[in-house]
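Please look over the sequence and the structure shown here before reading on.

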Amino acid sequence: MKASRDDMPEYLRTRKKAGPWRFLALLGLGSAMFWVLTLMFGKEIIIDINQIKSGIRFADKPVFEAEPELPQVSALEERQVSVDRKAMALAEMLSAQKQPAIRQTSFNDQNYQPTGAINTIPAPKPTLYAANTQSKRVPHKPVLQTDYWTWTGADRKRTQRKIQWQTVNGWIQYHTVCQNERRGSIEYRDCRKAAKEYFIHRCRTEKRKAFCAAENNYNPL
């Protein structure tokens, strides 16, 4: 004879578990009621950190020191402060530009900075410069000089020679010496040799620069 499930006692029989939908429905209904009540009667939750810190005490003394509250500044005041700062910076920049530059009075190998020459005198006008140049280039007129000198010629006779030459600004023009004689003739050669002795004599007796220069530079040949 086999045992039947219906013959089991009531406390041994397994009860059917309720499905999850019933639990979820109850949970949703409770949440909806909580939020409705919160919106209707609830207030905004504000957590004050400073109040919490002041509430923590040890031996009747607060553990944390309360931080000073910063004053609240409006947007208009912030803009005004920004404008004031910009105005101060602009004023400092203008005052720095107006101050004269410090002149350097000490020079050494570390701080010396060479600068180029500064020409403060304006250049003369080209017309004035050309006029001054032309006035300085005016040539001096040659001056004819004449003198006589006793000379022993090739014929062994002492004769008095006439010597002529030209000077420009006091200096003897050597190519004009004995221009009174025909160039290339015997008389011309004897005249130029006599002029050499004449210039030496005048240099040693009078110490004139023109004749002393002729003593060293004049060539009768």
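## A buried cysteine and its partner

In this predicted model, C191 is buried, with a relative accessible area of 0%. C191 is joined by a disulfide to C178, with an S to S distance of 2.1 Å, and the link is left-handed, with -90° about the S-S bond. Because C178 lies in the loop between β5 and α5 while C191 lies in helix α5, the pair ties together parts that are 13 residues apart in sequence. C178 is likewise buried, and its relative accessible area is 0%.

The structure holds two disulfides, and a disulfide is a covalent bond between the sulfur atoms of two cysteines. Besides the link already described, a disulfide joins C203 to C212 with an S to S distance of 2.0 Å, and this link of C203 and C212 is right-handed, with 95° about the S-S bond. C203 counts as buried, at 7% relative accessibility. When the bonded cysteines of the protein are numbered in sequence order, the pairing reads 1-2, 3-4.

## The sheet and the helices across it

Three strands form an open sheet in the order β3-β4-β5, and their pairing is antiparallel. Since β3 (143-152) and β5 (171-173) stand at the edges, each with a single partner strand, one side of each is left without a neighbour in the sheet. From one strand to the next, the twist averages 45°. Strands of a sheet pair through backbone hydrogen bonds, either parallel or antiparallel.

How many bridges join β3 to β4? There are 10 bridges between β3 and strand β4 (residues 158-168), and the two run antiparallel. Within this pairing, V143 stands opposite T167 in β4, and Q145 stands opposite W165 in β4. β3 and β4 form a hairpin with five residues between them, and in the turn R156 has a positive phi of about 65°.

Helix α5 (residues 186-206) lies across β3, β4 and β5 and runs at about 100° to β3, whereas helix α6 (residues 209-217) lies across β4 and β5 and runs at about 45° to β5.

## The protein as a whole

The secondary structure of the protein comes to six helices and five strands, which follow the pattern α-α-β-β-α-α-β-β-β-α-α when read along the sequence. Of the 221 residues in the protein, 13% are buried. The protein exposes about 20700 Å², of which carbon and sulfur atoms supply 57%. Among contacts between residues at least 6 apart in sequence, 36% join residues at least 24 apart.

Key
Residues are numbered from 1 along each chain as its sequence is written. This is a predicted model: local features need pLDDT of at least 70, side-chain atom pairs count only at pLDDT 80 or more; totals for chains, interfaces and linings use all residues. Side-chain values use heavy atoms; hydrogens and water are left out. Two strands pair if DSSP finds at least two bridges between them. Helices (H or I, at least four residues) and strands (E, at least two) are DSSP runs, numbered from the N terminus. Axes are lines fitted to C-alpha atoms, for helices over the stretch in contact, and angles run from 0 to 180 degrees between N-to-C directions. Contact means heavy atoms within 4.5 Å. Buried means under 20% relative accessible area, exposed over 50%, partly exposed in between (1.4 Å probe, protein chains only). Accessible areas come from the Shrake-Rupley method with a 1.4 Å probe; for residues, only the protein chains shown count as cover. A disulfide is a pair of cysteine sulfur atoms within 2.5 Å.
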